[in-house]
Amino acid sequence: RAAAFAEPAQLGTFAPLREVLRHLEEEQFILFVSWCLAALWPTGPYPILIVTGEAGSGKSTLVRLAQRLTDPIGGDLLQPPATDRDLIAAARHNRVLAFDNISSMKPDLADSLCRLATGSEIGGRSLYTNHDTATFAASRPVILNGIPDLASRGDLADRSIVIRLDSLQTRVSEREWRAQVDQILP
């Protein structure tokens, strides 16, 4: 499913994006833009973006924006994969893997996400066999969001850009916010 972004309507600056993300501190904004630029590289390795914060801090909304800015294929946020097979299936059909509402991170999943971000093989025993293996090798940009500290494992933390969001002081409707984003994207 190859796709490409439309040509920009005009050369621009990050100022309109900064206005839409005015609730982010300057350092958080720089980290967000840095991850987005890295995710646009044609090949990896890619940093993993981890967005954490309290309920209602705008985590899922920020992740949707990151995905929209970096993935011409589109799609929406995914549930966390239960197995490597689920992760491989998601990677085969998405350019950017954005996993929503992660409550905890199993060590095996953290390791597999690291392998996916860097391009190492993921795999195991082939289905319905005892001796054959099936592997998948690719590198994909990955985004995780959740309330707890998801970067507590060393390898995952070393490969991640972490943005911790505070509670939103002012809120706008989802419709209004999407209209602002739609206006700045071209």
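Visitor: Why is Leu-40 called partly exposed?
Guide: Its relative accessible area is 41%. Buried means under 20%, exposed over 50%, and partly exposed lies in between (1.4 Å probe, protein chains only). So Leu-40 counts as partly exposed. This is a predicted model: local features need pLDDT of at least 70, side-chain atom pairs count only at pLDDT 80 or more, and totals for chains, interfaces and linings use all residues. Residues are numbered from 1 along each chain as its sequence is written, and side-chain values use heavy atoms, without hydrogens and water.

Visitor: Where does Leu-40 sit?
Guide: In the loop between α2 (26–39) and β1 (48–53). Helices (H or I, at least four residues) and strands (E, at least two) are DSSP runs, numbered from the N terminus.

Visitor: Why is Asp-166 called exposed?
Guide: Its relative accessible area is 54%. The cut-off for exposed is over 50%, so Asp-166 is exposed. Asp-166 lies in the loop between β6 (160–165) and α7 (174–184).

Visitor: Which residues gather with Asp-166 in a patch of negative charge?
Guide: Glu-25, Glu-27 and Glu-54. Patch residues have over 30% relative accessible area and no salt bridge; like charges are joined within 9 Å, nonpolar side chains (Val, Leu, Ile, Met, Phe, Trp, Tyr) within 5 Å. A salt bridge is a side-chain nitrogen of Lys or Arg within 4 Å of a carboxyl oxygen of Asp or Glu.

Notes. Areas by Shrake-Rupley, 256 points an atom, 1.4 Å probe, with all protein chains shown as cover. Lys, Arg positive; Asp, Glu negative; His and termini not counted. Charge placed at Lys NZ, Arg CZ, Asp CG, Glu CD.
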